[in-house]
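Dear colleague,

The findings are set out after it, grouped by region.

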Amino acid sequence: MTALNHTTVMLSEAVDALLGAAAAGAGTYVDATYGRGGHSRLVLSRLSTQGRLIAFDKDLEAVADAQTIEDERFSIRHQGFSELGELPQASIAGVLMDLGVSSPQIDSPERGFSFRFDGPLDMRMDTTRGQSVAEWLALASVDQITEVIRDYGEERFAFPIAKAIVARRQERGPISSTADLAGIVAGTVKTREPGKDPATRTFQAFRIFINAELEELEQALEASLQVLSPGGRLVVISFHSLEDRIVKQFIAKHSKEVYDRRMPFAQPAIMKLKAIERVRPSGAEVAANPRSRSAIMRVAERLKEAV
Ligand SMILES: C[S@@+](CC[C@H](N)C(=O)[O-])C[C@H]1O[C@@H](n2cnc3c(N)ncnc32)[C@H](O)[C@@H]1O
């Protein structure tokens, strides 16, 4: 197992928001993205003896780390957080999601997440199931690759990159390493964004696609409405605009009374959430941990539904 560390982003802000007014939490909380347990450990230190923390992570190394926590109030599940809905309805006092990848994932060449190190082109958070990026790229068409790079990487050069990938595959066989992929992208993208490697957007796109990150997020947000008890907090930290847009629109949709204009006398759709706050990391945190610079934390509270 790798010994690389993860510096937790918005540690106290997220835990304060999760626990809300509960000074010493006695409820059951969920850390949907255990990682290396930065948020989990702080939550546990603030829970009362009756409190419980259920953590999720898709990554076996994260799960192995969690298994070193000896605390009977804590449990870890090797599951995608989209399966949150398996928990009993209205039983959870707060759900925290700190999205994306952990530093140990990015910084381990053998996981294949980064263009900065050469390694197998994998990028799966859960290496026990699904296809690696290399396996997908071995069969995907130019159109499929273009769509993924354009939609998940917001990359202007999606089509030429996809064409170059398929041409290289036809000439020299499968693209199996991160260095191969980074080289193809660098040879295709001619304009440079300041401070950004030309492969940044393509790697982001493949990672989001291969892990179904946006679909997982949408399902988990819906499931959180089922499992949160009234007054329970939903706290989501996202790191790019595609994720943040989903979280923002989800909270907005459920924190408005919606009237059906075709049925003016019908009851409006019930508000399920109250938006609490949107928080960015402090300047000091960004200076100390540059990976926090794009973080946006959104907090909402589950409302009691009128019957
Ligand atoms: C940014 S890290 C979390 C770091 C953690 N808060 C800490 O302080 O150590 C994100 C973690 O979430 C996990 N993850 C991402 N998407 C997931 C999903 N859909 N289901 C379960 N775990 C997921 C990743 O494997 C990674 O370990």
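Helices (H or I, at least four residues) and strands (E, at least two) are DSSP runs, numbered from the N terminus. The model is predicted, so local features need pLDDT of at least 70 and side-chain atom pairs count only at pLDDT 80 or more, while totals for chains, interfaces and linings use all residues. Residues are numbered from 1 along each chain as its sequence is written, and side-chain values use heavy atoms, with hydrogens and water left out.

Positive phi values

Most residues other than glycine have a negative phi. Met 123, in the loop between α4 (103-107) and α5, has a positive phi of about 70° although it is not a glycine. Met 123 is buried, because its relative accessible area is 0% (buried means under 20% relative accessible area, exposed over 50%, partly exposed in between, with a 1.4 Å probe and protein chains only). Glu 154, in the loop between α6 and α7, is also not a glycine and has a positive phi near 45°. With a relative accessible area of 37%, Glu 154 counts as partly exposed. Just after α9, Ala 212 takes a positive phi of about 50°.

Helix α9

Helix α9 spans residues 200-210, and its buried residues are Thr 202, Phe 203, Ala 205, Phe 206, Arg 207, Ile 208 and Ile 210. These buried residues pack against α5 (133-137), α6 (142-153), α7, α8, α10 (213-227) and α11 (241-254), where contact means heavy atoms within 4.5 Å.

Two further loop residues

Ser 177 is placed in the loop between α7 (158-172) and α8 (178-188). Ser 177 counts as buried because its relative accessibility is 14%. Residues up to four places away in sequence aside, Ser 177 touches Asp 118, Gly 119, Pro 120 and Leu 121. With Asp 118 there is a polar contact between the two side chains, at 3.4 Å. A polar contact is a pair of N or O atoms within 3.5 Å; within protein, one must be able to donate a hydrogen and the other to accept it, and residues adjacent in sequence count only if both atoms are side-chain atoms.

Ala 26 sits in the loop between α1 (11-19) and β1 (28-31). Ala 26 is partly exposed, at a relative accessible area of 44%. Ala 26 and Gln 50 are 24 residues apart along the chain, yet their C-alpha atoms are separated by 5.1 Å. Apart from neighbours within four places in sequence, Ala 26 is in contact with Ser 48, Gln 50 and Gly 51.

The ligand

The ligand is surrounded by 24 residues, of which the closest are Thr 8, Asp 57, Phe 81, Asp 98 and Glu 216 (a residue is near a molecule or strand if one of its heavy atoms lies within 4 Å of it). A nitrogen atom of the ligand is 2.7 Å from an N or O atom in the side chain of Glu 216.

Yours sincerely
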